[in-house]
Amino acid sequence: MSTRTETPPIQGEEAVAGKLSTLDRFLPVWIIAAMVLGLLLGNLVPGLDTALEAVKVGEVSLPIAVGLLVMMYPVLAKVRYDQTRRVLGDRKLMVSSLVINWVLAPAFMFVLAWLFLADLPEYRTGLIIVGLARCIAMVMIWNDLACGDRESAAVLVAINSLFQVAAFGALGWFYLQLLPSWLGLPTTSADFSFWAITLSVLIFLGVPLLAGFLTRTLGEKARGRDWYEEKFLPRLGPWALYGLLFTITLLFALQGGSITARPLDVARIALPLLVYFVVVFGAGMLLGKSLGLGYAKTTTLAFTAAGNNFELAIAVAIGTFGVTSGQALAGVVGPLIEVPALVALVYAALWARKRFFSPATAIL
């Protein structure tokens, strides 16, 4: 049961956006600005693509690899890894989270990718990769704004992180090659490699996951949890956004030609993402309600299911298919759509709390 003792005050529901930091509140603006800056750099700086590709980490240029690692590390340093055992005891929450996160949501994204992008295989593959990258980043913010269960969210994030390291490569092979072949659909090109995806996950999730775990463990041991969460994390947190914006700028510097030539493609990528967010979030809320999880845990279940780890999706797409690939562009479009969509879903969750959850269940 959550440690909450009363329903959060209603006035907090009137200013959800006001609870976000300036950086988070205007994230779509920063992302658009990074895109524009990237396009300008790509057009105005001759030889930029050659310079970016001069030094690589695996198949990823060093500057972009640095950006990817910087944006992943602060998120994983926030996770309370010591809370895992308590939440693991809630079997309803655990089983429902695992099923919706690792069975239903990826399968639904697979269907959406084929329905909306059947004629655009690179974007279709990128969207499927996004569906496999379960949320470990800003879900903590959305969950908090919607008055979800903070500890349960932290543990589900930790479990998603570990599961992605272990299973992302196998799931990528299943959804990109095996399942399409069973259904008589075209499979991803021979450029796809199970081991390439696994290596990308190990580098761009495994390294920051280990760093985040060690940072929290050693930081709390040296200075205590209060110092770590109230002093250290607020200073570290913005670097995730800096890393994301830096990466997007470089990606758009390299992708500029294809983006400006095909703006409707970006809109076609955005549409299935919007459908995905709304449907998966709604399914999570209905499932939690039907299982009697109470409002707080139901909201946590819905947000951890609906959100996606676009940072990882971008990293995998770049590492596997290249920095100028359509797969990478599909990942880059993700954060631009996710932020306004999930802010809207925060309001939807708070409305559902008053409409469908009694005061007794709202604090469970």
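In which hand does H10 pass H15? The crossing is right-handed. The views below show this crossing and other sites in a predicted model.

**View 1. Helix H10 packs against helix H15.**
H10 covers residues 150-183, and H15 covers residues 295-306. Their axes lie 10 Å apart, at an angle of about 30 degrees. Angles under 35 degrees count as roughly parallel, so H10 and H15 are roughly parallel to each other. H10 passes H15 in a right-handed crossing. From H10 come Ser152, Ala153, Leu156 and Asn160. They meet Lys297, Thr300 and Thr304 of H15. By class, the residues of this contact are two nonpolar, four polar and one charged.

**View 2. Helix H8 packs against helix H10.**
H8 spans residues 121-132. It meets H10 at an angle of about 145 degrees, and the two axes are 10 Å apart. This crossing is right-handed, with H8 passing H10. H8 brings Thr125, Ile128, Ile129 and Leu132 to the contact. H10 brings Gln164, Phe168, Leu171, Gly172, Tyr175 and Leu176. Seven residues of the contact are nonpolar, three are polar and none is charged.

**View 3. Thr299 sits in helix H15.**
Is Thr299 buried or exposed? Its relative accessible area is 0%, so Thr299 is buried. Which residues does Thr299 contact, leaving aside neighbours within four places in sequence? The partners are Asn143, Ala146, Gly148, Met285 and Ala349.

**View 4. Cys147 lies in the loop between helix H9 and H10.**
H9 is the helix at 139-145. Cys147 is not a glycine, yet its phi is positive, at about 65 degrees. Its relative accessibility is 9%. Buried means under 20%, so Cys147 counts as buried.

**View 5. Leu273 belongs to the largest nonpolar core.**
This core holds 106 residues. Which members touch the most other members? They are Leu273, Phe277 and Phe303. Helix H17, residues 326-356, gives the most to this core, with 16 residues. Around Leu273, the contacts include Met109, Leu127 and Val130. Leu273 also touches Phe310, Val333, Gly334 and Ile337. Residues up to four places away in sequence are not counted for Leu273.

Conventions: Residues numbered from 1 in each chain as written. Predicted model: local features only at pLDDT ≥ 70, side-chain atom pairs only at ≥ 80, totals over all residues. Heavy atoms only, no water. Axes fitted to C-alpha atoms, helices over the stretch in contact; angles between N-to-C directions. Helix = DSSP H or I, 4+ residues; strand = E, 2+ residues; numbered from the N terminus. Parallel < 35°, antiparallel > 145°, perpendicular 65-115°, else oblique. Left-handed = near helix turned anticlockwise from the far one by under 90°. Contact = heavy atoms within 4.5 Å. Nonpolar A, V, L, I, M, F, W, Y, C, P; charged D, E, K, R; others polar. Buried < 20%, exposed > 50% of the residue type's maximum accessible area, 1.4 Å probe, protein only. Core = buried A, V, L, I, M, F, W, Y, C linked by side-chain atoms within 4.5 Å.
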